[in-house]
Amino acid sequence: MLTTENHGDVTVLTMNNPPVNGLGQGLRTAIVDALHAAQADPAIRAVVITGGGTAFSGGADIREFNSPKAMAEPTLFTVIREIERSAKPVVAAIHSVCMGGGLELALGCHFRVAAPKAKIALPEVKLGLLPGAGGTQRLPRVVGLETALNMIVSGSPVNSEKLAGTRLFDAMIEGDLVAGAVTFARAAVDEKRGLPRVRDLAIEHEDAEAFLQFSRNTVTAMAKNFPAPAKCVDALAAAVKLPFDEGIARERELFTELIQTPESRALRHAFFAERAASKIPDVPKDTPLRTVASAAVIGAGTMGGGITMNFINAGIPVHLLETDAKALERGVATIRRNYENSAKKGKIKADDVERRMAMISPTMSYDDLVADDIVVEAVFEDMEVKRAVFGELDRVMKPGAILATNTSTLDVDQIADFTARPGDVIGMHFFSPANVMKLLEIVRGAKTAKDVLATVMKLSKTLRKTGVVAGVCDGFIGNRMIEQYSRQAGFMVDEGASPAQIDRAAEKFGFAMGPFRMGDLAGNDVGWYIRKRRYVEKPDMSYSRLADRLCELGRFGQKTGAGWYRYEKGNRNALPDPVVDKLIDEYRSEIGITPRKISDDEIVHRLVFALMNEGAKILEDGIALRASDIDLIYLSGYGFPLWRGGPMLYADMFGLYNVINRMQEFAANPYGDPESWKPAPLLAKLAAEGGSFTG
Ligand code: NAD
């Protein structure tokens, strides 16, 4: 955990707690013990603290989060106090990563030396918190109020050389950092530089009061629903106005307030959800991976084009195959236009356009794909077309190649059985636009081989996607849940709400877009197509038929200039349309409903609890591995507000007992499909036990 090595009269403490020297209780204890040992050893005149491996320290040990160990003595606060009390100078030797508690530790040292290119940050705000071990009080004393405020409010890392002129670093060291730090420490003793403490420095600023006021206004406006950034400003104000120890007490108070906010809980949930998603219980971490150095994409339409761009952006060349020459030409031209637009906006360099285009090999022959490591199929959503494509892929692809389908609704197991190698087949469900949306549902078929799954999980990271595993079922995780949400949205229009009111309520709750604006954007014909299938497959399932009426009029949404709203040419603004109002009135009287006023609260809860109840069924069915996977899907692919953490965490925070009571109220309404408000058995069980989905 901590190695101690004496370099003559200087002792070097090296933190060794991979991967980033997280300051867990074991390491904290070891540092305090080693400091005390150094005090007691008359041969030692100074101490250097550094980090082994690829970090000085990344801060708190996240494995201790939410455990008593996180707050157990010696806390980081105690460690820093012991360093400050040391009778022998302590020098932090910083390289690579120095973040959060790692930086707070360094700020407690008497001196700091750094290697170039070290990443220096206080990223706590990203978890809805603020630095809680003196960071907000000490950092402005060494880098100045403005730099400290920028770093603490943004949480973003700054390169060490950019901070070289500040009092944060007493020296920059090129070459051997530890040797340089030892020399520095010895010189500090020889030159009698004493035991300077950051806490004793003053914060200099010409007009701190005005600067803080201005910052508070700007930060509050920008942070919108997140309270942490403004509290960071409050903590910095305390640093400016209060004596050091009172400032520390204020920082602690603010930290305690923040850790209890639902927003911080949601951000921490999302952070851990992302990490948990890559763990698949029966697929060991050391599963050997297949190589993915070249790819093929079948179909150069909306999805195929975006998927191709994902591979190219990650440096993986693509064979793009179409059976229709015109479609191929059109697909390649669309990709070029996308890259040219990115270059115009300065997102990529002008010569990157050609470089990237050169990585695409358009083809109409399957034989060109023989050497590719992976293929993603994105042809029409039609089982017979998929059968033909997978037959060809089975014929040409080399043994061990991964065969992926981007189907949104078809049975991946059936597709796998079109080949003689179903173990190599997997679903890669991208979201539109595929080159933009972060979410990738990775659909594990009954026969998908473990190494195929592990390789595609890894590939999702290479493609900079948030990969989440789903089992095979209609709609997988995200779309299976959204269907229940859309059904309730439809019922609420039948009952008396307008599409605009529902959209407004959903958007006020924080959804990126309400259900009707979303339908108009994605194309109402997509849902229509699915409903027509449902009417045959599940005749008992009820739907509002209003959306069908809309589609019968050709109102597919933005692409046809009209849907639930009307659109003016070249403008995406949703405008109210009396034609739709009339359609709604007629439909209501036809089905015999007298419209009632529906509150925004009812709207939001019917939408969100419909998602959550289906989510609970998905968990029970084993389609999702964990509740946090479901939340991650909703946060990264469906515009669920980040500060609410996803539908499952939202239900937990609402209280599952309260959720069930609310569902019973909804079930009493004959027009909202009472059957669907029956709590999923898992929900009922957890509520009865006082449990929760997310733990
Ligand atoms: P699209 O109609 O835009 O593109 C399909 C392309 O496949 C066309 O260019 C067509 O010429 C080509 N094609 C058809 N048959 C082919 C064959 N036998 N061989 C080679 N190419 C062939 O459709 P899309 O929206 O890109 O959807 C493609 C797939 O992605 C579907 O399975 C769909 O369910 C799925 N998907 C779509 C979305 C979406 O929002 N559009 C989202 C997720 C998944």
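1. Phe509 is buried, at a relative accessible area of 6%. Buried here means under 20% relative accessible area, with exposed over 50% and partly exposed in between, using a 1.4 Å probe and protein chains only. The model is a predicted one, in which local features need pLDDT of at least 70, side-chain atom pairs count only at pLDDT 80 or more, and totals for chains, interfaces and linings use all residues. Residues are numbered from 1 along each chain as its sequence is written, and side-chain values use heavy atoms, with hydrogens and water left out.

2. A search of the whole structure finds 18 aromatic pairs. Rings of Phe, Tyr and Trp (its six-membered ring) pair if their centres lie within 6.5 Å; planes under 30 degrees apart count as stacked, over 60 as edge-to-face and the rest as tilted. The rings of Phe509 and Tyr650 have centres 5.2 Å apart and planes at 80 degrees, so this pair is edge-to-face. The pair links distant parts of the chain, since Phe509 sits in helix H18 (residues 499–509) and Tyr650 in helix H25 (residues 647–654), 141 residues apart. Helices (H or I, at least four residues) and strands (E, at least two) are DSSP runs, numbered from the N terminus. Tyr650 is also buried, with a relative accessible area of 14%.

3. A second pair is formed by Phe666 and Trp677: ring centres 5.0 Å apart and planes at 55 degrees, so the pair is tilted. Phe666 lies in helix H26 (residues 656–667) and Trp677 in the loop between H26 and helix H27 (681–689), so the pair ties together parts that are 11 residues apart in sequence. Phe666 counts as buried at 4% relative accessibility, and Trp677 counts as buried at 2%.

4. On the ligand: of the 22 residues around the ligand, Met303, Glu322, Glu381, Lys386 and Ser408 come nearest. A residue is near a molecule or strand if one of its heavy atoms lies within 4 Å of it. An oxygen atom of the ligand is 2.7 Å from an N or O atom in the side chain of Lys386. For Ser408, a side-chain N or O atom is 2.8 Å from an oxygen atom of the ligand. With Thr302 it is a backbone N or O atom that lies 3.0 Å from a ligand oxygen atom. The protein covers 77% of the 830 Å² of accessible area that the ligand has on its own; accessible areas come from the Shrake-Rupley method with a 1.4 Å probe, and for residues only the protein chains shown count as cover.

5. The elements that give two or more residues to the shell around the ligand are helix H11 (302–313), helix H14 (383–396) and strand E15 (425–430). H14 gives the largest share, three residues. By type, the shell divides into 10 nonpolar, nine polar and three charged residues. Ala, Val, Leu, Ile, Met, Phe, Trp, Tyr, Cys and Pro count as nonpolar, Asp, Glu, Lys and Arg as charged, and the others, Gly among them, as polar.

6. Now the strands. Four bridges join strand E3 (residues 46–51) to E4, and the two run parallel; two strands pair if DSSP finds at least two bridges between them. Ile49 stands opposite Ala92 in E4. Strand E4 (residues 90–94) also pairs with E6 in the parallel sense, over four bridges, and there the bridge partner of Ala92 is Arg112. E6 in turn pairs with strand E9 (residues 171–172) in the parallel sense over two bridges, with Ala114 opposite Met172.

7. Is E4 enclosed or open to the outside? Five of the five residues of E4 are buried, so E4 is largely enclosed by the rest of the structure. Val90, Ala92 and Ile94 lie on one side and Val91 and Ala93 on the other. In a regular strand the side chains alternate between the two faces of the sheet. Strand E6 (residues 111–114) likewise has both faces covered, with Phe111 and Val113 on one side and Arg112 and Ala114 on the other, all buried.

8. Helix H3 (residues 101–108) has eight of its eight residues buried, so H3 is largely enclosed by the rest of the structure. Among them are Glu104 and the glycines Gly101, Gly102 and Gly108.

9. A separate entry is the open sheet of three strands in the order E5-E7-E8, with mixed pairing. Its edge strands are E5 (97–99) and E8 (158–159), each pairing on one side only. E5 and strand E7 (residues 119–121) pair in the parallel sense over three bridges, and Met99 stands opposite Ala121 in E7.

Technical notes: A polar contact is a pair of N or O atoms within 3.5 Å; within protein, one must be able to donate a hydrogen and the other to accept it, and residues adjacent in sequence count only if both atoms are side-chain atoms.
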